[in-house]
Every structure is written in structure tokens, then in C-alpha cells.
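Subject: Structure for you to look at

Hi there,

Here is the structure I promised to pass on. Could you open it in your viewer and follow along with the notes below?

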Amino acid sequence: MSGLRNMVDKMKPTFSKGGKLSFLGSTFEAFETFLFVPDTTTSKGSHIRDCNDMKRVMITVVIALLPALCFGLYNTGLQHYAMLGEESSFWGNLWFGLLKTLPIIVASYVTGLAIEFGFAQARGHEVNEGFLVTGLLIPMIMPVDIPVWMVVLATAFAVVIGKEVFGGTGMNVWNPALVARVFVFFAYTPSISGETVWVAGADKVDGFSGATALAQLADSGAMSYSNLDAFLGFMPGCIGETSTLAILIGAAILLFTGVASWRTMLSVFAGGLLMGLVFNLIGATPYMQIPAWQHLIVGGFAFGAVFMATDPVTSAQTETGKYIYGLLTGAVAVLIRVVNPAYPEGMMLSILFMNALAPLIDYCVVEANIRRRKNRVKLAK
């Protein structure tokens, strides 16, 4: 590492102020701080020295995403060969999934990082680290057969309209990855809905139905997959959303490292479960009668609860607000699923809706605390 450090130090003057390539200073700084912990320190005010800067936190989230991604690669190949009725090996499934998914991941990162670097250079700011996670989240919440050019458009829309117009990382109102998904959902609906987009090559096989568990539940209140398969993820769906088990492994990493809030995460699952129980009491349709816990293991519910709702920028910041935000997110997701069949996957819209309400939730919590303290002072007098 000392050799790499020396090489970077020799290149640094060229990109520093007064150097030949000083206009690329933000780009050089991004690569340097990606490789090494920055040596900058706070000059005034109280502060804590810590090696875990924003890039290290983002990399931790990427590591937590890897179990769901790896399973998604395997499941992509598994579903494809099962559709064709062909035998396949573990490595064959994984290799096929990698070949299908890698172009989507590359398109997401290249497009997003190019825009991020462009905005940073134009503003003379440091390159934001947030896209390290967003660039992987976007492919994982897309169907495997989505055209690559569509991913490019969705990523560009998410970064520019969903984040940069608000000032960049830390200033955005909505989760950028979900902004990309909602862009595809409303602009190119056939490419992210139906029964053929979830299995690679399904559109070329006559009469094949690759309906997701959510679609089946919305139609008849029952699914052709066992609950164990739904929990493990052996069914069609978005690349990284099918395996609740793999997602929970990622959740354990996030909670162990303290990167994500257990209050938000737990509250989302609790909110979905409570709303499911309410529908069980009503029981007006077959969909309302399914076990409440079944909502938690199908579709993108678990993925949204672990990796989307816990986004520290777009979720509630107060401790009490995290409980409220999480409960409402889970409840609204199940509400949309059951009441509005046009949107079988309610998690996307629920999180975006609650992103917009998060500042209001925090405001109400803070004001309530202020009122309680004022009342205590009056009583003390």
C-alpha cells in the first residue's frame, strides 16, 4: 500500500490548485479518498476522529447488498433454465445471471458516476459518495430483461431530477434508486410489469407465464410458490428482491455495523404485519384473507424495509419519528397492494410517499417535545 500511496502523492500536485490538471481536482480527490482515508481534520468546534467516513459507510452498505445480489444472479439463471425445461448447475446458473445482470450494473454506475463527476466539476465541489450504493440498488430493483438503454435513462433521471437539483447527496427528498424505478414504471410500464419481464428470455417462449407471487396474490389470493420458496427467493421477481433470507443477512450486517436504524427497519415490518392483520379481520376479498406475515416475504417488502426505508437522508431523523415513519411505510405498502390492484408492488410508492412526509413527522415530534418541556417548566414553577 505504501507504493500506491507514494504514487498518488506524486500525482497530487498536478491536480491541486495551480497544477496543469487542477480543473479535475474533484475527480482526483474522489479516487484518492476512495483508496485512502482522508487526512483532513476539523479545525474548530467539537468533533470526533474516526476512520469511518462517508465512503466507508457506503461500502459497508454495498457489502450488505452482496448476499441479495449473489442470490439474484443465481436465481436469474435458475428461472431461465427452469423455463426452458433444461438441467442446470449452480455455477451455470450463476454465470448466466452474471452475464445478464452485469450490463445493467455497468450502465447504472457509468451513467450515474459520469453525471455525479460532471456536477462536482462544474460546481467545484467534492464528488458525493452516495452513488456507490445507489448505483447498485438501481439494478437490483429492476427486472432482469429490462433494456440497458432504459436503465441509462432512469439512472440519469434519478441522479439529475431526484438528487442533483436539490443540491446533491444529503439534500435529496426522495430515495434516488426508487426515483429511477418509478420513472421506468410510469414511462415504460410494459418493461417492468406483466408476466414475461421477470424471467430472462421469457418473451421468446410462447405461452410461458412468469407471474410474480404478488401478481398471483392480487389475481386470486393464492400463489403457486410455497412459503419456503418465497422466503428463500426461488421465484420470479426483480434481480435482488426475491430472497428474504439473503436480505435479512444484509440487514444483520447493517445493524451490527450500526449503519442502519433498527427502529425504522423493525417498524416497517411491524406496520406491514399490523395492516395485514386488519385486512384479515375485514376479509372482504381473497387477497385480504391471506396470512398477514405473507406480505413480508413476497415482492420487494423486505428489500424496501432493509435497504430503502432506512436511507438516512430521506427517512425520519428523530428517534420517535423513525417508529412513526416505519410503521406508516409498512402499513401504506400493504394498503396499496390490497386496495389498488393496479399497483401490486406497493412498497415503492409507499416509501416515496413517506420520504415526502418524513420532514413533517420530524417537525411534529420536535414540536411535541418542546411543548412537553414547556409544560414541565410550568409545573415546576
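Tyrosine 325 sits in helix H13, which covers residues 319–339. Keep in mind that this is a predicted model. Is tyrosine 325 buried or exposed? Its relative accessible area is 0%, under the 20% cut-off, so tyrosine 325 counts as buried.

Which residues does tyrosine 325 touch, leaving aside those up to four places away in sequence? The list is Thr264, Ala309, Thr314, Ser315, Ala316, Ile351, Met354, Asn355, Ala358 and Ile361. Take alanine 358 from that list: it is 33 residues from tyrosine 325 in sequence, yet their C-alpha atoms are 6.7 Å apart in space.

Next, a pair of helices. H5 (residues 131–140) packs against H7 (residues 176–187) at an angle of about 30°, and their axes are 8 Å apart. The crossing of H5 past H7 is right-handed. On the H5 side, Thr134, Leu137 and Ile138 make the contact, and they meet Pro176, Ala177 and Ala180 of H7. Sorted by type, the residues of this contact are five nonpolar, one polar and no charged.

Finally, have a look at H6, residues 148–160. From first C-alpha to last, this helix of 13 residues reaches 18 Å, close to the 18 Å expected at 1.5 Å a residue. Buried in H6 are Met150, Val151, Ala154, Thr155, Ala158 and Val159. Viewed down the helix axis, the buried residues of H6 fall within an arc of 155°, so they line one face of the helix.

Technical notes:
Residues numbered from 1 in each chain as written. Predicted model: local features only at pLDDT ≥ 70, side-chain atom pairs only at ≥ 80, totals over all residues. Heavy atoms only, no water. Helix = DSSP H or I, 4+ residues; strand = E, 2+ residues; numbered from the N terminus. Expected span 1.5 Å × (residues − 1). Buried < 20%, exposed > 50% of the residue type's maximum accessible area, 1.4 Å probe, protein only. Arc of directions from axis to C-beta. Axes fitted to C-alpha atoms, helices over the stretch in contact; angles between N-to-C directions. Left-handed = near helix turned anticlockwise from the far one by under 90°. Contact = heavy atoms within 4.5 Å. Nonpolar A, V, L, I, M, F, W, Y, C, P; charged D, E, K, R; others polar.
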